[in-house]
Amino acid sequence: MILSLFRKNSATDAVYGVYNAIVAQSRQPVFYAQWGVPDTVTGRFDMISLHMALAFRRMRGTESTRQFSQAVFDLFFKDMDRSLREMGVGDLGVPKRIQKMGNLFFGLLAAINEAMDRNDREALAGVLSRNLFEGADLEHARILADYMFEQDQTLADQQPADISAGNITFGPAA
């Protein structure tokens, strides 16, 4: 933990730009008001995770895009750390929660990639149902799966170099 104080800050303006776009997209009211995503701390974490997964899918491939994705990931969890502390989680509890959140994120990322790489909307809906809706609400999970495939295509049309420069654009959530 103390060593992180001496680690080089990898959060450039481009990293902040991409992360802020991910957070803004994940806060679209349609997710919570119409598609049934719980408007809770966990639900909001899940929506940021989904959009991070989409961005990471687009950025996978080269070493430079992996480094950029790592910087976005680091900023994400630095922000989660700050948020937990603001909510009153004690210093001893934060690292455990961050580790659990990291494990959840990587599990979700792997499951999303597997389903999307197979172009399997029903499998993706199942992943979303289990992770966001506690195994219920397959109807909303299917809507969200369709949205994710649409966003995946929107991001596929964007150059990784543009994204690494801080310019990522998601399509509408409707």
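**Close-up views of helix packing in a predicted model**

**View 1. Helices H1 and H3 are oblique to each other.** In this predicted model, helix H1, residues 13-26, packs against helix H3, residues 41-59, at an angle of about 130 degrees, and the two axes lie 8 Å apart. The crossing by which H1 passes H3 is right-handed. On the H1 side the contact involves Tyr19, Ile22, Val23, Gln25 and Ser26, which meet Met47, Ile48, His51, Met52 and Ala55 of H3. Sorted by class, the residues of this contact comprise seven nonpolar and three polar ones, with no charged residue.

**View 2. Helices H3 and H7 pack with their axes 9 Å apart.** The angle between H3 and H7 is about 35 degrees, and their crossing is right-handed. From H3, the residues Met47, Leu50, His51, Leu54, Ala55, Arg57 and Arg58 take part, while H7 contributes Leu144, Tyr147, Met148, Gln151, Asp152, Leu155 and Ala156. Nine nonpolar residues, two polar residues and three charged residues make up the contact of H3 with H7. Met47, His51 and Ala55 of H3, listed here in the contact with H7, also belong to the set that meets H1.

**View 3. Helices H6 and H7 meet in a right-handed crossing.** Helix H6, residues 121-132, and H7 pack at an angle of about 120 degrees, with 8 Å between their axes. That angle makes H6 oblique to H7. Arg121, Glu122, Leu124, Ala125, Gly126, Leu128, Ser129 and Leu132 of H6 are in contact with Leu138, Ala141, Arg142, Leu144, Ala145, Asp146, Met148 and Phe149 of H7. The contact of H6 with H7 divides by class into ten nonpolar, two polar and four charged residues.

**View 4. Helix H7 spans residues 138-156 and carries a set of buried positions.** Its 19 residues reach 26 Å from the first C-alpha to the last, which is close to the 27 Å expected at 1.5 Å a residue. The buried residues of H7 are His140, Ala141, Leu144, Ala145, Tyr147, Met148, Phe149, Gln151, Asp152 and Leu155.

**View 5. Ser69 lies in helix H4, residues 63-86.** Ser69 has a relative accessible area of 11% and is therefore buried, since the cut-off for burial is under 20%. When its neighbours within four places in sequence are left aside, Ser69 is in contact with Phe56 and Met59.

**View 6. Asn119 sits in the loop between helix H5, residues 93-117, and H6.** The phi angle of Asn119 is near 55 degrees, a positive value in a residue other than glycine. With a relative accessibility of 54%, Asn119 counts as exposed, because that class begins over 50%.

**View 7. The protein chain has eight helices and zero strands.** Followed along the sequence, the elements give the pattern α-α-α-α-α-α-α-α. Of the 174 residues in the protein chain, 45% count as buried. Among contacts between residues at least 6 apart in sequence, 64% join residues that are at least 24 apart.

Key: Residues numbered from 1 in each chain as written. Predicted model: local features only at pLDDT ≥ 70, side-chain atom pairs only at ≥ 80, totals over all residues. Heavy atoms only, no water. Axes fitted to C-alpha atoms, helices over the stretch in contact; angles between N-to-C directions. Helix = DSSP H or I, 4+ residues; strand = E, 2+ residues; numbered from the N terminus. Parallel < 35°, antiparallel > 145°, perpendicular 65-115°, else oblique. Left-handed = near helix turned anticlockwise from the far one by under 90°. Contact = heavy atoms within 4.5 Å. Nonpolar A, V, L, I, M, F, W, Y, C, P; charged D, E, K, R; others polar. Buried < 20%, exposed > 50% of the residue type's maximum accessible area, 1.4 Å probe, protein only. Expected span 1.5 Å × (residues − 1).
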